[in-house]
Amino acid sequence: MALAPQTRPRTLEWEWYKLMKRGESQGRQAVLVLNSKSCKAKCSNKYKYYNNNNNNNNNKGKGRFGFGEKEWNSGSSIIDIVMAAQPLRHVDSMATMPSGAGKIPYLNAVILGEALASEENDLVYPSDDFSRQAHVPSPQKYLELYERSIKDPGGFWSDVASQFYWKHKWAPDHVYSENLDVRKGPVQIEWFKGGITNICYNCLDRNVESGLGDTVALYWEGNDLANDASLTYSQLLHRVSQLANYLKDIGVRKGDAVIVYLPMLLELPITMLACARIGAVHSVVFAGFSAESLAQRIIDCKPKLVITCNAVKRGPKVIPLKDIVDAALVQSSQTGVSIDTCLVYENALAMKREKTNWQDGRDIWWQDVIPKYPTKCEVEWVDAEDPLFLLYTSGSTGKPKGVLHTTGGYMVYTATTFKYAFDYKPSDIYWCTADCGWITGHSYVTYGPLLNGATCIVFEGAPNYPDSGRCWDIVDKYKVTIFYTAPTLYVTRYSRKSLRILGSVGEPINPSAWRWFYNVVGDSRCPISDTWWQTETGGFMITPLPGAWPQKPGSATFPFFGVQPVIVDEKGVEIEGECSGYLCVKGSWPGAFRTLYGDHERYETTYFKPFAGYYFTGDGCSRQAKLANLHKSMFRDKDGYHWLTGRVDDVINVSGHRIGTAEVESALVSHPKCAEAAVVGVEHEVKGQAIYAFVTLVEGEPYSEELRNSLILAVRKQIGAFAAPDRIHWAPGLPKTRSGKIMRRILRKIASGQLGDLGDTSTLADPNVVQQLIALSNC
């Protein structure tokens with residue numbers, strides 16, 4: 001018999017009774033949480049309640065939530081009444097999630113904003129309030145959109161693309177064409193061909209014309225605390241038009257390449273947009289690459305000009321970028337590629353122009369010419385399949401690959417992924433910490449946000465300068481609501497109350513790092529968009545959609561609209577259900593790159609020949625299998641969630657055991673004193689390869705032999721003795737790019753003692769970390 005008081009005082013019993021009846025009326029189950037002996041309520045067998053009578057101060061405020069046969073701890077208020085239906089509303093639809101998702105056999109959950117995620121919690125659910133306001137408020141809505149994007153990709157993406165401005169539309173019966181099977185002829189992907197548009201017009205003019213002219217488009221935060229600036233959409237359009245007019249004046253035409261070697265000044269996105277406005281193809285090179293690396297890119301794409309600045313400050317250090325460009329131009333000229341014009345922005349905060357090396361007749365000061373040009377510039381209308389930009393990806397060896405993205409499909413895809421993956425609203429202030437020298441800076445600093453009329457932040461400095469609280473200074477200063485960054489960033493101070501969504505970019509995020517990001521940075525109230533994608537994909541491929549479904553710490557969750565991820569075995573056979581294997585994509589999507597510049601054969605060989613008929617990502621994925629099987633690089637669990645386990649070449653062969661570096665790293669970071677780990681393989685006389693682990697400890701933990709042994713034991717317990725690291729190398733930090741990618745090439749060199757052959761370290765966010773690692777080699 002359910003509790004039914006005759007009177008209706010505001011008591012726990014009455015509130016509980018109302019909650020139960022409301023749940024019944026909506027077909028949902030209520031769960032009561034009691035936290036003290038004084039809290040009592042009669043419940044029928046139909047309802048669950050758990051009583052935590054432990055009043056120890058160390059456990060004050062903790063209760064027990066019950067879901068089915070499971071219980072879990074939660075840091076919450078003195079009396080918590082929770083609608084289990086809030087998570088349960090998702091469960092029925094999980095059976096029809098893509099890629100073999102099934103029902104969740106039990107619930108072990110945290111509700112967004114109400115509790116900390118712990119090792120016991122498998123799921124983090126959005127609150128009702130968050131879901132109601134989300135672009136995709138439920139799994140049902142996601143499935144509706146996703147299924148249409150797969151069954152009717154032409155209709156789905158035509159509707160999305162129609163939200164942008166097109167001078168001429170594409171043929172309705174020819175939205176896309178594709179061949180991903182090398183056995184059937186050359187690989188070819190086209191979207192919206194025949195449609196005429198311009199991405200700069202859609203980023204700027206369209207927003208100004210819709211009334212956003214006075215809205216801030218870009219906030220700029222300099223390296224030093226005292227330096228900042230901003231541009232409204234109207235001001236940004238004027239600055240872009242001036243540069244575009246100059247480029248046309250010196251003979252830059254549609255299809256010409258322009259090399260951009262700039263730091264994160266406002267002039268970097270201005271330059272990208274100016275090139276796009278006149279149909280030129282920009283190729284941004286991270287302003288930290290060496291002269292040799294820059295020369296390689298100049299030689300390959302033969303640009304009309306190079307745009308750079310005289311110097312930049314990174315932390316306290318001044319880097320003379322113009323000197324690097326000068327050296328690169330000497331190298332390129334020796335191969336017959338000469339550059340007639342080098343446009344140089346005077347970054348007076350780093351170096352005065354009189355101290356800048358100069359070559360008369362070639363070098364031009366930006367400030368001397370650009371302000372003289374008109375603030376209006378006619379748009380060069382381009383076909384959707386005309387090239388937009390080249391972005392070179394660098395490996396540890398070999399020629400860099402020039403990834404070519406075209407205009408229309410990239411525009412539609414990057415704008416759409418930004419809107420949905422971050423649940424963007426016009427009231428948001430958005431910050432992505434990546435550099436425009438990488439794809440993240442193209443898609444989610446420049447084009448994606450501006451196509452949505454967003455206000456975003458461009459950050460020149462380093463996240464640990466002048467101290468490790470710099471990021472939170474910026475978050476609080478600008479009231480950032482969406483923060484997209486590498487999840488290993490720094491500590492807990494400042495308010496951060498403005499944050500509502502966090503994004504994770506860089507290395508595959510492990511469950512421990514996910515929980516830290518969720519609990520500490522987001523105060524247990526911000527969903528995490530743990531995104532998986534690549535330079536080649538143009539935008540997010542597998543990503544949570546905040547508000548749509550429960551998240552699992554460490555999982556990229558489900559595919560974005562139009563993306564068909566498949567897991568295949570070594571023979572290229574698709575595997576269904578719970579499994580691990582190689583991550584491929586079936587069919588094309590609008591943001592896909594079209595070729596490798598000047599080398600279509602390499603494009604086909606690298607991405608389409610390994611598994612004919614599919615785009616091969618080079619990554620592994622799983623639908624959750626046992627940890628020992630993760631070396632295949634991706635797994636998909638019993639509920640259909642996708643887990644990225646690293647590059648397929650991140651595999652160490654130890655005495656015949658193929659061990660994924662990601663699984664060893666995951667075991668190490670499960671240790672309570674390990675903050676981060678990176679694992680590489682080194683040659684071994686007996687075993688073939690040995691496991692060498694770089695380990696960063698939590699703040700304040702001293703190095704010790706006892707702790708080293710404890711970390712090794714953690715791996716032995718989780719994976720097995722065969723996977724135990726042969727060496728633990730203490731690491732105050734890891735060598736990372738500004739986008740959060742660990743430079744494993746450098747770690748391999750250090751591990752193998754090749755200290756005189758470390759290669760280019762200039763792209764690192766903190767180059768000093770390399771010397772710190774070398775100093776600890778014998779510790």
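Let's begin at Glu665, which sits in helix α17, residues 661-669. Helices (H or I, at least four residues) and strands (E, at least two) are DSSP runs, numbered from the N terminus. The model you are looking at is predicted, so local features need pLDDT of at least 70 and side-chain atom pairs count only at pLDDT 80 or more, while totals for chains, interfaces and linings use all residues. Residues are numbered from 1 along each chain as its sequence is written, and side-chain values use heavy atoms, leaving out hydrogens and water.

Is Glu665 buried or exposed? With 11% relative accessibility, Glu665 counts as buried; here buried means under 20% relative accessible area, exposed over 50%, and partly exposed in between, using a 1.4 Å probe and protein chains only. Setting aside neighbours within four places in sequence, Glu665 is in contact (heavy atoms within 4.5 Å) with Ala677, Ala678, Val679 and Arg744.

Next, find helix α9, residues 291-301, which is mostly covered, with eight of its 11 residues buried. Among them are Leu294, Arg297 and Ile298. As a general point, an α-helix has 3.6 residues a turn, so residues three or four places apart point the same way. The buried residues of α9 pack against β13 (257-261), β15 (305-309), α10 (321-333) and β21 (387-393). Just after α9, Lys302 takes a positive phi of about 50 degrees.

Now turn to a sheet. Seven strands form an open sheet with mixed pairing, in the order β12-β11-β24-β23-β25-β26-β27. Two strands pair if DSSP finds at least two bridges between them. In general, strands of a sheet pair through backbone hydrogen bonds, either parallel or antiparallel. Which strands stand at the edges? They are β12 (228-232) and β27; each has a single partner strand, so one side of each is left without a neighbour in the sheet. β11 and β12 pair in the antiparallel sense over five bridges, and Val216 has Thr232 in β12 as its bridge partner. Helix α14 lies across β11, β12, β23, β24 (455-459) and β25 (482-485), running at about 145 degrees to β11. That angle is taken between N-to-C directions, from 0 to 180 degrees, with axes as lines fitted to C-alpha atoms, for helices over the stretch in contact.

Let's finish with aromatic rings. Rings of Phe, Tyr and Trp (its six-membered ring) pair if their centres lie within 6.5 Å; planes under 30 degrees apart count as stacked, over 60 as edge-to-face and the rest as tilted. By this rule the count comes to 59 aromatic pairs. One of them is the tilted pair of Tyr219 and Tyr478, at 4.8 Å centre to centre with 45 degrees between the planes. Tyr219 lies in strand β11 (residues 216-221) and Tyr478 in helix α14 (residues 470-478), so this pair ties together parts that are 259 residues apart in sequence. Tyr219 is partly exposed at 23% relative accessible area, whereas Tyr478, at 10%, counts as buried. Phe422 and Phe540 form an edge-to-face pair, 5.6 Å centre to centre with 80 degrees between the planes. Phe422 is buried, with a relative accessible area of 0%, and Phe540 is buried, also at 0%.
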